Amino acid sequence: MKSPTPEELAESERAVVEPPQATASGRQAALTALLLLIGVVVLAFARPRLAGTIGVLAAIIAMIMLHELGHFVMAKRAGMKVTEFFLGFGPRLWSFRRGETEYGVKAIPAGGYVRIIGMSNMDVVDPADEERTYRAKPYRDRLGVAVAGSTMHFLIAGVLLFIVLAGVGLPSVRPVVDQIVADSPAQHSDFRVGDRIVAVNDVPMREWEDIPKYVQAHGESQLVFTVIRKGTGQRLEVSLKPKPVQVDGKDVPRVGIGPQQYYRTKSIPAAVGATFTNMPRFMWETVKALGGIFSPNGIENYGHLIQGKGGNQNNRLLSPYGAAQVASKAVADGWYSVLMFLFAINVFVGIFNMVPLLPLDGGHVAIATYEKIASTIKGRRVQVDVQKLMPLTAAVLMVLVFMGLTALYLDIFNPVKP
């Protein structure tokens, strides 16, 4: 959401009687965007994987626009005056006006915005429109508009998680040998790729996880694996003795086999239930991760990453450049990785946007809530003077810019390893 300045308000009022026209800079930007689009299409045909990456990035832009659509719909429903709904920033490429709202596309497709009049007491508004400002509406309407963006992200995340659970499936493993490690006990035994392990020392093994637990519990003692050979269905016994392998500084007995991986789907009713039960868990994990980034340890970790002194790559933010790199890797890994990448983005953005500080939507929630409580206590309308919050807002913006620049630096010089 974005509040108009007096100059922008005047321009908007002129646009009511003067249809939007492309300026010289706008035409130049449109031509540049067209050439870039042609180049992207050519690259997509030359490199199919790139087409998938572009598709993921387009999906991210679409999610941002759905965020703004949430604000737009709730503002319109509350009777607020919305003057602009744009995809992108920078020079205007194309627009049209329907009623009091101008819709269009700008040159830099890095998001979008909705312009609602009277977002704070600082906005200059025509007295005739005062009743239709954001600030003039009751608390429930302002709260609805403020949380609509994050709500859209959570809804998108829920849909994506349901698709993963019901359509794509979660990564799982079967007690079937899919890999034999070189120079391991398994390689020097009668194990073959495709063998299905049904028992160890006559103890049934129904899940893959049962096998390493049993092996570790019996140390380096001789083990007899009962397997069913792929192709023939023959039931065989494979005898071997595990060999200790260093794991986190400890000797752990290992056989040297890897499981067959697959994706396990759920029925639609089970997927619906799992979506509702797992969403809060993912959201809470995101809150903890976000808190970790801005904690003293998280800040110290950022310092180590920037200085090239190690650090935890998982406890950091990604720039758009880094997101593109991760998107490319996700495309290479398949639908599960792509959908979970988009899911994680939606959960993170939805929660981060609710941080109770301007210019984030959570700041508008905090202001509206404070005004509601203060007005109830004092028995009269209380309105926050946003001018007094500008130093804090500027500080928040500086932090966001700094985090964005450092994330870009890290993504270029110390990228997240695939």
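The largest nonpolar core of this predicted model has 26 residues, and those with the most contacts inside it are Val56, Leu160, Phe341, Leu342 and Phe343. Helices α3 (48-77), α4 (139-168), α6 (268-293), α8 and α9 each supply at least two residues of this core, and the largest share, nine residues, comes from α9. Apart from this core lies another one, of 18 residues, which includes Val200, Trp208, Phe225 and Ile257. As a general background, nonpolar side chains tend to be buried together in soluble globular proteins.

Leu342, one of the core residues with the most contacts, touches Val56, Ala59, Ile60, Met63 and Leu160, when residues up to four places away in sequence are not counted. Ile351, whose place is in helix α9, counts as buried because its relative accessibility is 12%, below the cut-off of 20%. With residues up to four places away in sequence again left out, Ile351 touches Phe154, Met283, Thr286, Val287 and Leu290; of these, Leu290 is 61 residues away from Ile351 in sequence, while their C-alpha atoms are 8.9 Å apart in space.

Helix α9 also packs against helix α8, at an angle of about 145° and with the two axes 6 Å apart. The residues that make this contact are listed by helix in the table.

| Helix | Residue range | Residues in the contact |
|---|---|---|
| α8 | residues 320-333 | Ala323, Val326, Ala327, Ala330, Val331, Asp333 |
| α9 | residues 335-352 | Ser337, Val338, Phe341 |

By type, the residues of the contact between α8 and α9 divide into seven nonpolar, one polar and one charged.

Helix α5 (residues 210-217) has a buried side, with Ile211, Tyr214 and Val215. These three residues cover an arc of only 100° around the axis, which puts them on the same side of α5, whereas Lys213 and Ala217, on the other side of α5, are exposed. The cover over the buried residues of α5 includes the strands β3 (170-180), β4 (196-200), β5 (203-204), β6 (223-228) and β9 (250-254). After α5 comes Gly219, whose phi is positive, near 60°.

As for the confidence of the prediction, the protein averages a pLDDT of 86, and 88% of the residues score at least 70. Over residues 3-23, however, the pLDDT is below 50, and this stretch has 23 contacts in the model beyond near neighbours in sequence.

Definitions and conventions: Residues are numbered from 1 along each chain as its sequence is written. This is a predicted model: local features need pLDDT of at least 70, side-chain atom pairs count only at pLDDT 80 or more; totals for chains, interfaces and linings use all residues. Side-chain values use heavy atoms; hydrogens and water are left out. Axes are lines fitted to C-alpha atoms, for helices over the stretch in contact, and angles run from 0 to 180 degrees between N-to-C directions. Helices (H or I, at least four residues) and strands (E, at least two) are DSSP runs, numbered from the N terminus. Contact means heavy atoms within 4.5 Å. Ala, Val, Leu, Ile, Met, Phe, Trp, Tyr, Cys and Pro count as nonpolar, Asp, Glu, Lys and Arg as charged, and the others, Gly among them, as polar. Buried means under 20% relative accessible area, exposed over 50%, partly exposed in between (1.4 Å probe, protein chains only). The arc is that of the directions from the helix axis to the C-beta atoms. pLDDT is the predictor's confidence in each residue, from 0 to 100. A nonpolar core is a set of buried Ala, Val, Leu, Ile, Met, Phe, Trp, Tyr and Cys residues joined through side-chain atoms within 4.5 Å.
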